[in-house]
Each structure stands twice: as structure tokens, then as C-alpha cells.
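Hi,

Here is the structure I promised to pass on. Have a look at it first, and then read my notes below.

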Amino acid sequence: MGCGRVGSSLAVNLVNRGHSVAIIDSNADAFRRLPENFSGQQVTGMGFDRDALTQAGIDQAAGFAAVSSGDNSNIIAARVVRDTFGVKNVVTRIYDSSRAGVYERLGIATVATVAWTADRMMRKLIALGPHVQYVDSAFKIALITADLDSSWYGHTIGDIEHATQARVAYIGRQAQPVIPSGSLIVQDGDEIHLCAASDRVMAIQKILNNPVKEDNL
């Protein structure tokens, strides 16, 4: 639902991955954002209207994304799709992040646009991390991307794990993911992604931002 910049990009990406896509928008002119060779279905109507949803094939849908410019329209559409048509895989974009918790408790996954954008800007403004990718609040575990002092280059993944008391989940090397062994040598340019206790995130980044202390290895 919604063929704005986000909706049109999402629809094109899904089609390119081989999915069958239908996109709904109340303004037929919005479909001009789609490429001429777009193979998905285009439905003019309100995303919370049952007839429009049925025309778009909601009965066979594996997922529904509400990405119009209105929070109220998105949440109404999401609830109609979930409660009336039984689609469980529903994601909603909202601008008012204070309402995100309410929607989550209703069982509707949300993406808070303002909060997400602010987080991405923060990552660019503050060069040195930690950059928290994910937090499991139930188990108090975080997945973080850590920045390294250059003295860590030439040491092993095992050295990092021993010094930080964290597990290196994977590294990014030359735009490729690598699942490392403890003996893998850290190279300049590696992106280090660690799984760690969430209350140790700042301590871990402090260790890795500073020169290696050989007595800690």
C-alpha cells in the first residue's frame, strides 16, 4: 500500500527478487514512479478498502507492507489485512515513533521512519562506534559493529574475542561476508560484527578503539 518513493522502491526490489507483487495507491499518477517494465499489478484505490485489497490478491498474499504517507491510513490498512484477511506478515511505516510501541503490542511490526533516519545519521556523524545493529531485550544480547584501532590489524579474531569477552559473529571483507575462525587474521578494512552482552557494548568499543594491550590477549 502506497506507491511513493519507498513503496515503489520496495515493489521493484521485490519483483527483482522473483516475487509476485501488487501495489495499491489512491492516486493513479503515483504509478508513474514504477519503471515501464514493472511486472507487478497496479490497483487504484484505498489500501484499507476490502474491494481494493481483494483486487490486489490479498487472499493469496504472503505479506503486506503499508508505506503510505499517513500513519492512520497505514495502521488501519494493517489491521484490516491482519484481522479480516488473516495475513500475519504485516509491516507498517509510521512517522510518530511514540506510537510504535502501541502498534507492536497489537502484533503489527513497525518501522519508525524518523527514528530510523536519526539512527542512520548518528552512525555517519559519529565515526567511532559502537554501532548497535540489533538488541534482544529478553536475553540482553546485542549485535554491534565495532571500529578498530589500527594496532589490531595482524591480530587474530581469537585475540579480539579474548580481549572483549564477546563473540565475533561475522566480518565484512572486501564487500563479502566471512564467518571467521578464531585463527583468522584481522586485516585493514575489515568490518567487525560482534555478539555481546548489551551492558558491555561501550566497554567493548573502548577496548577496540584503543591500542592493543598484549597482556589482555
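Let me start with a question: which side chain meets that of arginine 82 in a salt bridge? The partner is aspartate 83, with N and O 2.9 Å apart. By salt bridge I mean a side-chain nitrogen of Lys or Arg within 4 Å of a carboxyl oxygen of Asp or Glu.

Before I go on, some housekeeping. This is a predicted model, so local features need pLDDT of at least 70 and side-chain atom pairs count only at pLDDT 80 or more, while totals for chains, interfaces and linings use all residues. Residues are numbered from 1 along each chain as its sequence is written, and side-chain values use heavy atoms, with hydrogens and water left out.

**Salt bridges**

The count comes to five salt bridges. Aspartate 83 also pairs with arginine 79, where the closest N and O atoms are 3.8 Å apart. Those two both sit in helix α3 (residues 71-85), four residues apart, which is about one turn of the helix. Helices here are DSSP runs of H or I with at least four residues, strands are runs of E with at least two, and both are numbered from the N terminus. Aspartate 83 is partly exposed at 47% relative accessibility, and arginine 79 is partly exposed too, at 36%. (Buried is under 20% relative accessible area, exposed is over 50% and partly exposed is in between, using a 1.4 Å probe and protein chains only.)

Another bridge joins aspartate 190 and arginine 173, at 2.7 Å from N to O. This pair links distant parts of the chain: aspartate 190 is in the loop between β9 and β10 (191-197), and arginine 173 is in strand β8, 17 residues away. Both aspartate 190 and arginine 173 are buried. As for shared partners, salt bridges join Arg79, Arg82 and Asp83 into one network.

**Pockets**

The search runs on a 1 Å grid over the protein atoms alone. A pocket is an open set of points where a 1.4 Å probe fits, with protein on both sides within 12 Å along at least five of seven lines, and its lining residues have an atom within 4 Å of a point. Points are joined across faces, edges and corners, and a volume is the space filled by probe spheres set on them.

The largest pocket has a volume of about 920 Å³. Its lining has 36 residues, with Leu14, Ala22, Gly63, Phe64 and Ala65 nearest the centre. Two or more lining residues come from each of α1 (5-16), β1 (22-25), β3 (64-66), β4 (90-94) and α5 (113-125). The largest share, six residues, is from α1. By class, the lining of the largest pocket has 22 nonpolar residues, 13 polar and one charged.

The lining of the second largest pocket has seven nonpolar, nine polar and four charged residues.

Strands β6 and β7 run antiparallel and are joined by five bridges; two strands pair if DSSP finds at least two bridges between them.

Most residues other than glycine have a negative phi. What is the phi of lysine 140? It is positive, about 55°. Lysine 140 belongs to the hairpin of β6 and β7, which has four residues between the strands, and lysine 140 is exposed, with a relative accessible area of 56%.

Alanine 175 has a positive phi as well, near 65°. Alanine 175 is in the loop between β8 (167-173) and β9 (176-178), and is exposed, with a relative accessible area of 78%.

Cheers

Key
Nonpolar A, V, L, I, M, F, W, Y, C, P; charged D, E, K, R; others polar.
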